[in-house]
Number of protein chains: 2
Amino acid sequence: MATPTSRPPEPVSRRARPAKPPLTRAGIVMAAIRVLDAEGLDGVTMRKLAQELDTAAGSLYVYFANRDELLASVYDEVLAELPLPARDRPAAEWRADLTDLLLTAITVIGGHGGIARVALGAIPTGPHALALAEAILALLARGGVGAQAASWAVDQLTLYVNAAALEESTYRQRGAREQAVLASLRTTYAQLPPERYPNIHRLREELVTGSGDDRARWFLDTVLAGIAIP
Amino acid sequence: MATPTSRPPEPVSRRARPAKPPLTRAGIVMAAIRVLDAEGLDGVTMRKLAQELDTAAGSLYVYFANRDELLASVYDEVLAELPLPARDRPAAEWRADLTDLLLTAITVIGGHGGIARVALGAIPTGPHALALAEAILALLARGGVGAQAASWAVDQLTLYVNAAALEESTYRQRGAREQAVLASLRTTYAQLPPERYPNIHRLREELVTGSGDDRARWFLDTVLAGIAIP
DNA sequence: GTTTGTAACGAACATCGTTCACTACGAACA
DNA sequence: TGTTCGTAGTGAACGATGTTCGTTACAAAC
């Protein structure tokens, strides 16, 4: 061996490496979003995330108590992408504004792996989640919706938004396999005995028409029409 | 050693054990529901399920290709508990019947661990899931809802039902910790800066009132009112 | 009584989240 | 300038997971 000394771990200073910046919560969250977009929620493992940051898995526990807490931060950071409606919008268009806001939320959340699953397992209380709730409540107040109805509406609407986002990310994961899913669903319906499932058989074509966005827009229009009734 | 032979594994015939019945898909699914109710969805591991059946984890793969396929069967079996509306109900009460059906579905699905998560990750196509869809379509047809609206409604309503069921099972898991969650949520709202979140601050009391069932009933009434408009 | 197909078994593999004893860096201090 | 010290970072280790696969033992068929 020509090495000057033979210290076992070969000390190789950290400065020899390309000046690794110190870890931060924000940096970890951004790296997690990168892994999330590339590999989905199940792909966001502590080891893969550490590899993305050129560190060790254990180091992440200095900044987050566990994976769930990290994913909660990731969810809130995803919500930061969501443009909130301006405050000076005409009051008469509150329903259209709210529909647009919620549809955009489905697209934004659904566009990041399956991060919506995080919001379906725990009530999000991050700053951006609260800002979204605040914006929804402001639009409902603009429409003259009462206190109790508005309170329940914001809860149930965000529940629906996250469910729709999860569905969207499930059937649009990197390569439009939506076609294959629709085709197999169509086959399933076609093979059903018409006497036992007469309505499914009758509507087997309509059941597979429309994109996720079409369906969500129809549903939100319908819900808001119901909310606006009294 | 006084043993007659010294064969290493000590052959101990299976008949020495209490006449274990052979495995079946139905038996495995029923055991899985038992584990699910006791320990939640994450508690349904292949090893724990095998232990419940006094067998080995690998044996389960004779009947199910993987854990997801098994859980899909579990979900469909849970739906078997759901009583479907009779066919001779008065047409005028289709909205009340549909509300009851969907609320009961939330209770039934939400009463079994977090099994609702299965339905939010893949479109259920089991016989009982199809029977539920058929029943919903029958009620919508009875109410004169058009083909396209009914088709999208059954999809979006079941999506909401599973999301609500998942939320219910999350905040009602073995011991009514719902109180603790509500209390901490109330604290969170109370500590929010009123100038940045004026509407949340104004509605901080209304936001935490009402059980999950109250909210779901209000939401479904509202949605069906919107569907019935045109 | 023999053969044979297959359900059941259990060890093994790769991977996961998490913990913890230890290292080495940078700031505070002498 | 030299020393101390708190802590961010490291990486091996642990227990548990889903899944695979070579082997075993049972029951039906011949």
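These legends accompany close-up views of a predicted model.

Local features need pLDDT of at least 70, side-chain atom pairs count only at pLDDT 80 or more, and totals for chains, interfaces and linings use all residues. Residues are numbered from 1 along each chain as its sequence is written, while chains are lettered from A and ligands numbered from 1 in the order in which they are written.

**View 1. The fold of chain A.** Chain A has ten helices and zero strands. Helices (H or I, at least four residues) and strands (E, at least two) are DSSP runs, numbered from the N terminus. The pattern along the sequence is α-α-α-α-α-α-α-α-α-α. Of its 230 residues, 34% are buried, meaning that 20 or more other C-beta atoms lie within 10 Å of a residue's own, with C-beta atoms placed from the backbone. Among contacts in chain A with a separation of 6 or more, 70% join residues 24 or more positions apart. Two residues are in contact if their C-beta atoms, placed from the backbone, lie within 7 Å.

**View 2. Chain A against chain B.** Here 43 residues of chain A contact 43 residues of chain B. On the chain A side, the elements giving two or more residues are α6 (127-142), α7 (147-170), α8 (178-190), α9 (198-202) and α10 (212-227). α7(A) gives the most, with 14 residues. This side has 27 nonpolar, eleven polar and five charged residues. Ala, Val, Leu, Ile, Met, Phe, Trp, Tyr, Cys and Pro count as nonpolar, Asp, Glu, Lys and Arg as charged, and the others, Gly among them, as polar.

**View 3. The surface near DNA strand C.** Helix α2 (residues 46-52) of chain A gives the largest share, three residues. The classes are nine nonpolar, seven polar and four charged.

**View 4. The surface near DNA strand D.** Helix α2 (residues 46-52) of chain B supplies the largest share, three residues.

**View 5. Helices α1 and α3 of chain B.** The axes of α1 (residues 25-39) and α3 (residues 67-79) of chain B come within 9 Å and cross at roughly 80°. Therefore α1(B) is roughly perpendicular to α3(B), a term for angles of 65 to 115 degrees. Axes are lines fitted to C-alpha atoms, for helices over the stretch in contact, and angles run from 0 to 180 degrees between N-to-C directions. From α1(B), B:Arg25, B:Ile28, B:Val29, B:Ala32, B:Ile33 and B:Leu36 meet B:Leu70, B:Ser73, B:Val74, B:Glu77 and B:Val78 of α3(B).

Terms used. Buried ≥ 20, exposed ≤ 12 C-beta atoms within 10 Å, placed from the backbone. Parallel < 35°, antiparallel > 145°, perpendicular 65-115°, else oblique.
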